[in-house]
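User: Hey, could you walk me through this one? I'd like to start with the ligand.
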Amino acid sequence: MNDLNTIIENARSAFAQAGTPADLENAKAIFLGKSGRVTELMKGLAALPVDEKKTRGAAINTAKQAIEAALTSRRTELAEAEMQAQLQAESLDVSLPGRRRVAGGLHPVSISSERIEAIFASMGFEVAQGPEIEADWFNFTALNTPQDHPARSMHDTFYVEGGCAAAPNLLRTHTSPVQIRHAVQHVKKYRHLIDAGQAMPEIRVVVPGRCYRVDSDATHSPMFHQVEGLWVGENISFKDLKVIYLDFIQSFFETKDLDIRFRPSFFPFTEPSAEIDIMFGSGPLRGRWLEVSGSGQVHPNVIRNMGLDPERYIGFAFGSGIDRLTMLRYGVDDLRLFFDGDIRFLSQFQ
Ligand code: DAH
């Protein structure tokens with residue numbers, strides 16, 4: 001019996017020393033494997049006399065069961081330890097503070113653009129868009145700009161690949177080309193009415209967008225934003241332009257205490273032409289005329305390039321600087337702040 005107890009003890013301590021499931025399987029083989037200690041004892045039974053065989057066999061069996069029980073319990077222990085180690089390694093500290101998601105917001109110039117669109121939409125204006133890479137025809141020629149006009153020079157305009165020498169492609173220098181693009185589409189749509197001598201629905205459109213010029217200082221950026229306005233009909237006058245612009249500007253600045261004036265000026269695509277100045281009756285900018293827009297009665301040549309008869313149709317247009325309106329609204333004195341991308345500046349507008 002003593003030898004059996006020794007084997008059981010040896011097995012228990014071998015199992016206890018096994019630190020991994022693989023070690024444990026190796027230890028098992030030593031005791032319960034094909035040529036393991038217990039198996040060898042079983043083989044030895046054959047040589048014993050019958051009555052001894054019985055008691056010896058039973059004792060070996062009991063020892064085998066004890067060893068198997070030790071093996072099972074060590075297996076459970078190792079599995080448990082492995083599970084604990086895994087839990088430890090993958091543990092989550094639920095007390096860590098979360099990562100805050102900062103809400104983004106619109107750029108101040110985008111906020112202005114959206115306000116401008118909404119105000120003009122409420123006055124029955126459509127909103128249109130045009131390409132930023134523009135053909136010479138739409139940007140200059142169709143707008144009655146002479147071939148030798150200084151705005152066409154490379155000092156003022158960014159020319160890009162494409163087109164030909166006589167009609168190069170460029171980055172649009174203003175939103176005015178969309179006057180032509182939009183009007184041509186509109187006229188095409190209502191050609192049948194025009195040709196039948198009936199009234200065409202008026203063109204009323206605003207076009208906000210990016211423009212480009214070779215220019216850079218505190219109040220000029222090579223990329224800037226304008227909003228173009230165009231109103232073409234049969235029975236409209238300068239008075240109508242004045243009324244809608246005053247309405248717009250007072251809505252934009254949220255005050256009735258704001259006056260406007262039209263100051264004679266020159267643009268190739270309008271005749272007569274005017275600069276629109278505004279003056280606040282109160283606040284930090286009170287009492288100073290501030291230029292915010294070009295405007296005018298659309299030149300007969302431009303009306304013709306829209307596909308309309310200038311004897312019958314009259315148009316009024318304006319082009320206002322969105323960046324400038326935004327600077328005035330928020331009291332920003334350097335245009336470059338809008339385009340530096342400094343989040344400390346931009347987050348103030350949320
Ligand atoms: N396109 C002009 C500019 O960029 C602004 C302008 C003036 C637009 C008169 C107009 C207009 O529509 O009628 O300086």
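**Ligand site and a few local details**

User: OK, where does the ligand sit?
Analyst: The ligand sits in the largest pocket. Keep in mind that this is a predicted model.

User: Which elements give two or more residues to the shell around the ligand?
Analyst: Those are strand E6 (223-233), strand E9 (290-298) and strand E10 (314-321).

User: And how many residues surround the ligand, and which are the closest?
Analyst: There are 15 residues around the ligand, and His174, Ser176, Arg213, Gln226 and Glu228 are the closest.

User: How does that shell divide into nonpolar, polar and charged?
Analyst: Nine of the shell residues are polar, four are nonpolar and two are charged.

User: What about Arg213, how far is its side chain from the ligand?
Analyst: An N or O atom in the Arg213 side chain is 2.7 Å from an oxygen atom of the ligand. For Glu228, a side-chain N or O atom is 2.6 Å from a ligand oxygen. Ser176 has a polar side-chain atom 3.0 Å from a nitrogen atom of the ligand.

User: How much of the ligand does the protein bury?
Analyst: The protein buries 91% of the 360 Å² that the ligand exposes when taken alone.

User: Switching topic: how many salt bridges does the structure hold?
Analyst: It holds 17 salt bridges. One of them joins the side chains of Glu9 and Arg12, at 3.4 Å from N to O.

User: Where are Glu9 and Arg12 in helix H1, and how are they separated?
Analyst: They are three residues apart in helix H1 (residues 2-17), so about one helical turn separates them. In general, side chains of opposite charge can pair when their charged atoms come close.

User: Which residue other than glycine has a positive phi, then?
Analyst: Asn144 has one, with phi near 65°. Asn144 is in the loop between helix H6 (136-139) and strand E3 (159-163).

Terms used:
Residues are numbered from 1 along each chain as its sequence is written. This is a predicted model: local features need pLDDT of at least 70, side-chain atom pairs count only at pLDDT 80 or more; totals for chains, interfaces and linings use all residues. Side-chain values use heavy atoms; hydrogens and water are left out. A residue is near a molecule or strand if one of its heavy atoms lies within 4 Å of it. A polar contact is a pair of N or O atoms within 3.5 Å; within protein, one must be able to donate a hydrogen and the other to accept it, and residues adjacent in sequence count only if both atoms are side-chain atoms. Accessible areas come from the Shrake-Rupley method with a 1.4 Å probe; for residues, only the protein chains shown count as cover. On a 1 Å grid over the protein atoms alone, a cavity is a set of points where a 1.4 Å probe fits but cannot get out, and a pocket is an open set with protein on both sides within 12 Å along at least five of seven lines; lining residues have an atom within 4 Å of a point. A molecule sits in a cavity or pocket if more than half of its atoms lie within 2 Å of its grid points. Helices (H or I, at least four residues) and strands (E, at least two) are DSSP runs, numbered from the N terminus. Ala, Val, Leu, Ile, Met, Phe, Trp, Tyr, Cys and Pro count as nonpolar, Asp, Glu, Lys and Arg as charged, and the others, Gly among them, as polar. A salt bridge is a side-chain nitrogen of Lys or Arg within 4 Å of a carboxyl oxygen of Asp or Glu.
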